[in-house]
Amino acid sequence: MRSKTLPYLVLLLLLAIDFSLATLLEPTASDWGRRAGADLLAVLLGDARRIFASHFFIKADVYFHAGYYPSIFDLEARPKDSSHMAGDDDGHDEERCEKNMQFMGRPTDWIERFGRNFFATQHEHLSGGREREILPWLRVSASLDPHRVDTYTVAAYWLRRTLGKPNEAEAFLREGLRANPDSYEILYELGCVYYESYKDVARARNIWQLAFEKLELQKGKKDEDELAKFYHDILLRLARLEEDQGNYALAADYLEQIINRDVAPNPDVLRQQIIELRQKAASKK
Amino acid sequence: MNKVVALAGVVIKELYRRKDVYVLFVLTALITLVIGSAKFFNDPKIVRYLVEICLLLIWVSAIVIAVGTAARQIPAECENRTIFPLLAKPVTRGQVIVGKFLGCWLACGITLVAFYLFLAIVRGSREQYWPLLHYFQALWLQWMCLGVIVAMVLFGSLIFSAPSANATICVIVIVGILLLGRHLNVVAFRQPKPLDLIVYSIYFFIPHLEWYDVRDMLVHDQPLINWLAILGATIYAAVYTATFLLLAWLRFRRKPLNA
């Protein structure tokens, strides 16, 4: 009788131990699982994550050009930065991009000539909402390298401008800001979301001013040309904002700062605008 | 001709009795559907990334099926000694080669139809867009490419000692051509003499399988490929297929079968 019940009793004991251990270890295990999930890519790929992130960012660029893109054998033709993908308010510089993307010379032989029937040979950019197709690759790139600022600004640019998704743009930019708290680029783009999409002037002004402060901290640390572009963009944005709000004197001050810092591509136009703004400010008084 | 068709029928039956195709199809479908279930920025209309991944899986699966099937055809017949009753039918060695090729190639074609049907359904359900002629062109070119691959692997199976060695070498060559074939002339120009001449000769010598990889055209919604170019590519593939089959036959007709 005893020998028959003993295995069942042992089984019951083991089940009780299993249950106790599960209740004891579950919180620790789930916490470890959460951390492992977040760091899994870091553990698996190490610094190679950045290479993959860069690859996926380029993939987004390939999509933006509808497959017409220089290969690794035409490296000199590859865009040096992401400004052609987004960033300028008047759309990206089509002419400059068109010139850069003339990497495909005359075919050297019949194989090359015939082969061109089977891949994209016309330079074009996605338009009419099809820009959404670049977003998955930017999302993946950001997951792999959260410190690559371009990823957030390019995605947010298209989300807010063409796809009408300012909430998603803001969320993505805030995610980028958490990983890059000193990024004036992300703050600049966030300001655009608040100003253009939400029409929240006060918050946009604060964010652009913060972006300006962060930009000042980068002086001497980053490439002067890149800083100059953002000095120009942020100050111009602030000037336009103040002009829209009727603060003409303040707007003129911002434009003067652009001229004083020698970052204006066309200072004569700005000088004329300053005169007009000063006149408006005087007549307002 | 009947004998060739009968041999091809056996190969096709063998393919659908094996589990490789089903496993690869289910894997492709599963991976595509799982990746397709991901949402990016709450935008359900994003589809090109899914088409790209699905097409990549189709290409990988098709190459695995083509190489795997073709590589073991003749070695398996020799190993199991079924080649002797086969050749005693009477079936000539040339008919064996052509029959095996036709079977593998048709089997690849049937598989491709299933894969592209799945792709069309996935894309159509997502963006209600049915570029049927684009699918046809992509499928046709890929099938032509697989024809060259099958013929090349059949020839390889008569040269290399084991199907595994043949499959490995062929996959390396195929992937190499697909990745570098288009750029080999550029590479050649950057080499010192006489290496440039050697590389440039290789460029003209290899079958340019990369022409048949029109995934980017499909993904990026490019216009239809010129039908004359499709015809040219078909003739080019037919010439290379015939060349490999002829080489295979030349090798096979003098090959001792009991070795």
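This is a predicted model: local features need pLDDT of at least 70, side-chain atom pairs count only at pLDDT 80 or more; totals for chains, interfaces and linings use all residues.
**Where the chains meet**

The size of an interface is often given as the accessible area lost when the parts come together. Here the area buried between chain A and chain B is about 3200 Å², and carbon and sulfur atoms give 65% of that area. In chain A, the residues that lose the most area to chain B are F73(A), I111(A) and F118(A); together they make up 24% of what that side buries. Chain A brings 31 residues to the contact, and chain B brings 35 residues.

The rule finds two salt bridges between chain A and chain B. One salt bridge joins the side chains of E52(B) and K59(A), at 2.5 Å from N to O. On the side of chain A that touches chain B, two or more residues come from each of helix 2 (48–64), helix 4 (110–115), helix 5 (135–144) and helix 7 (166–179). Helix 4 of chain A gives the most to that side, with five residues.

**A nonpolar patch on the surface**

Chain A also carries a nonpolar patch on its surface, with about 1200 Å² of accessible area together. Its members include L6(A), L9(A), V10(A), L13(A), I17(A) and L25(A). L13(A) belongs to helix 1 of chain A, which covers residues 2–45.

| Residue | Relative accessibility | Class |
|---|---|---|
| L13(A) | 52% | exposed |
| R160(A) | 8% | buried |
| T241(B) | 8% | buried |

L13(A) counts as exposed because its relative accessibility is 52%, over the 50% cut-off.

R160(A) sits in helix 6 of chain A (residues 149–161). What does the side chain of R160(A) make a polar contact with? Its partner is the side chain of E189(A), at 2.7 Å. Leaving aside residues up to four places away in sequence, R160(A) touches A169(A), E189(A), C192(A), V193(A), E196(A), S197(A) and R237(A).

T241(B) is part of helix 11 of chain B (residues 227–252). Because its relative accessibility is 8%, T241(B) counts as buried. Again not counting residues up to four places away in sequence, T241(B) touches F101(B), G147(B), V148(B) and A151(B).

Definitions and conventions. Residues are numbered from 1 along each chain as its sequence is written. Chains are lettered from A and ligands numbered from 1 in the order in which they are written. Side-chain values use heavy atoms; hydrogens and water are left out. Patches are made of residues with over 30% relative accessible area and no salt bridge: like charges are joined within 9 Å, nonpolar side chains (Val, Leu, Ile, Met, Phe, Trp, Tyr) within 5 Å. Accessible areas come from the Shrake-Rupley method with a 1.4 Å probe; for residues, only the protein chains shown count as cover. A salt bridge is a side-chain nitrogen of Lys or Arg within 4 Å of a carboxyl oxygen of Asp or Glu. Helices (H or I, at least four residues) and strands (E, at least two) are DSSP runs, numbered from the N terminus. Buried means under 20% relative accessible area, exposed over 50%, partly exposed in between (1.4 Å probe, protein chains only). Contact means heavy atoms within 4.5 Å. Buried area is the accessible area (1.4 Å probe) that two parts lose on being put together, summed over both. A polar contact is a pair of N or O atoms within 3.5 Å; within protein, one must be able to donate a hydrogen and the other to accept it, and residues adjacent in sequence count only if both atoms are side-chain atoms.
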